[in-house]
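Please look over the structure shown here.

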Amino acid sequence: MRISLVSAVVAAGLLLGCGDDSDDGRADELGGSDEVGESSSSTDAGTDESGSSDSSSEDTTDADSSSEDTTDADSSSEDTTDTEDTSSETGDPDCQPDPEICEPGTVCDVITGDCVDPEDECVLAGGSTPCGAYQCGPGTVCDDQGSCIPVAPCGQVLCEGSQCWGTGCPCERPISCSTASEEDLNGPFSVEIFDLEFADDCTAWMVTLRSGTDFVRRLTPEGTVTEWPGVANLNMGEVKVLKALNPQSYAPPVADDVQAPGSGQPPQTHGGENLGQVAITYTCCPTCGCFVDPPQGVARLLEGEPEPLPIVLPAVATQGTNGPFGSTAADAGPMGLTWGEDLQLYVGNTMANGDFDTVDLLAQTQQTLDQFDNRVTAAAPLTAVHLLIALDTGELLRFNTDLHTSTPVIDLEVGVTTLSHDSYTGKVYASLADLSVVEVDPFTGEVEPFETMPAIGRVTVSPDGKLWWVPVGYLNALPLSSWDLPTTF
């Protein structure tokens, strides 16, 4: 018998943009200012560490382990160990290697290895998907290259023979931090907000869409606000933080001689100290009159540098003709920014509507990966090799970052303003132009209604188990609000 182990991975992304809304008479407010590069304003310069990559990594790390064991999806998926059967010699055998042994009316729960009532709480069960020579069972998905890889809520993969299943899967949503209070989130931090993202340590990040210089702001759980100005007269569109895709699944070592990462070691990107990194997009719509020198594009936050938000991926001015926000300022420039497990940034519409590019921060290279039929409006990470991408027609595509290929998931038939991945359930929450919020299974295409937004905006998952609604501040001066997410399955 052979048992293989695949490590967990991380990813997340950020965006920012500029522009102006001539549709609602706000062109002068958002596009006509000559302000350039105000000095950084901070309410407490000593709080810069609270949202940094170091603090995020420390908050999620409980034990030392080689980062190579948890970052290299290819090598870990190939890492197999010959071992004796680990099932008990007495009593009922575990059902994971052969779910068909369960009697009618019961299912194989891969968390416990027991045949249980499908209506019981905390049951992870389901069918298997063919993947080369393997069958990817619950808690795993095919990497489109013949290997089963983990998907939330599981952090690793075990295989016996051709059957694989997820392991390191918690029953209840782990909550290790609390976000700032709703009062603090709706204070100076969210003035003229356009996007919101939470780091793994519950630090909140936002970008503005406003006339004149725009800002990135950070809010610690304790309520301290720090802000950084953008360059020239470029608005900001999206903000994304590099996060663990399934931080709850720090799987303990497997029994006997099966190789596994050390207990408590969280998933890490290459380099090991990058969780918490922040990226944004600068945008400028062609009809807004905003400055395009320096050009718009994707920027990365470098705290303490003379230019804290340098552009790492230049872009040209692009514009949506049927964008989900119904605003020329909001529906402009690069959109769909996200981080990959490989520490690369991915984003759409950089050189033309519908293109999809990546930038390698270490190699300082840029590459166009695909050209879609319609403009990209949102994106979210799913696994070590998968992203979910939304087009302005409402189509959702699953994109493989290794193969540079896309697979249709579902057509929602309405524009998507945001995609936010829930690292506990693995589901993605999509906010739509008709104000509805739906829950999407990115591998089956199943869609369930969730809530209705008070006005056009975005949604984002926080680590303490809430889904936050974020208004477009200059269109609707409404407070941020939240809904509770499931705490178990």
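The report takes the pocket, then the salt bridges, the aromatic pairs and the backbone.

## The model and its largest pocket

This is a predicted model. Its largest pocket holds about 840 Å³ of space. The lining counts 36 residues. Closest to the pocket centre are Gly 139, Val 151, Asp 441, Phe 443 and Thr 444.

Strands β5 (129–131) and β7 (140–142) each give at least two residues to the lining. The largest share comes from β7, with three residues. By class, the lining has 17 nonpolar, 12 polar and seven charged residues.

## Salt bridges

The structure contains seven salt bridges. One of them joins the side chains of Glu 197 and Lys 243, at 3.8 Å from N to O. Why do Glu 197 and Lys 243 count as buried? The cut-off for buried is under 20% relative accessible area. Glu 197 is at 5%, so it counts as buried. Lys 243 is at 15%, so it counts as buried too.

Arg 217 and Glu 227 form another salt bridge, at 2.9 Å from N to O. Arg 217 lies in strand β13 (residues 215–219), and Glu 227 lies in strand β14 (residues 225–229). They are 10 residues apart. Both Arg 217 and Glu 227 are buried.

A further salt bridge pairs the side chains of Arg 218 and Glu 303, at 3.1 Å from N to O. Arg 218 has a relative accessible area of 0%, so it is buried. Glu 303 is at 28%, so it counts as partly exposed.

## Aromatic pairs and a ring cluster

A search of the whole structure gives 10 aromatic pairs. In one of them, the ring centres of Phe 356 and Phe 372 are 6.0 Å apart. Their planes meet at 50°, so this pair is tilted. Phe 356 belongs to strand β21 (residues 355–360). Phe 372 belongs to the loop between β22 (365–371) and β23 (376–381). The two are 16 residues apart. Phe 356 is buried at 0% relative accessibility, and Phe 372 is buried at 7%.

Phe 372 also pairs with Phe 399. Their ring centres are 6.4 Å apart. Their planes are at 85°, so the pair is edge-to-face. Phe 399 lies in strand β25 (residues 395–400), 27 residues from Phe 372. Phe 399 is buried, as is Phe 372. Which residues do ring pairs link into a cluster? They are Tyr 346, Phe 356, Phe 372 and Phe 399.

## Other contacts

Arg 458 lies over the face of Phe 194, at 4.3 Å from the ring centre.

Leu 245 sits in the loop between β15 and β16. Its relative accessible area is 3%, so Leu 245 is buried. Leu 245 and Ala 384 are 139 residues apart in sequence. In space they are 8.6 Å apart, C-alpha to C-alpha.

## Backbone exceptions

Most residues other than glycine have a negative phi, and most peptide bonds are trans.

The peptide bond from Ala 152 to Pro 153 is cis, with omega near 15°. Pro 153 lies in the loop between β8 (148–150) and β9 (156–160).

His 404 has a positive phi, near 60°. It is in the loop between β25 and β26 (405–411). His 404 counts as partly exposed, at 29% relative accessibility. Leu 435 has a positive phi of about 80° and is not a glycine. It lies in the loop between β28 (428–432) and β29 (436–440). Leu 435 is partly exposed, with a relative accessible area of 26%.

Note on methods. Residues numbered from 1 in each chain as written. Predicted model: local features only at pLDDT ≥ 70, side-chain atom pairs only at ≥ 80, totals over all residues. Heavy atoms only, no water. 1 Å grid on protein atoms, 1.4 Å probe; cavity = no way out; pocket = protein on both sides within 12 Å on 5 of 7 lines; lining within 4 Å. Points joined across faces, edges and corners; volume = space filled by probe spheres on them. Helix = DSSP H or I, 4+ residues; strand = E, 2+ residues; numbered from the N terminus. Nonpolar A, V, L, I, M, F, W, Y, C, P; charged D, E, K, R; others polar. Salt bridge = Lys/Arg side-chain N within 4 Å of Asp/Glu carboxyl O. Buried < 20%, exposed > 50% of the residue type's maximum accessible area, 1.4 Å probe, protein only. Phe/Tyr/Trp six-rings, centres within 6.5 Å; stacked < 30°, edge-to-face > 60°. Lys NZ or Arg CZ within 6 Å of the ring centre and 35° of its normal.
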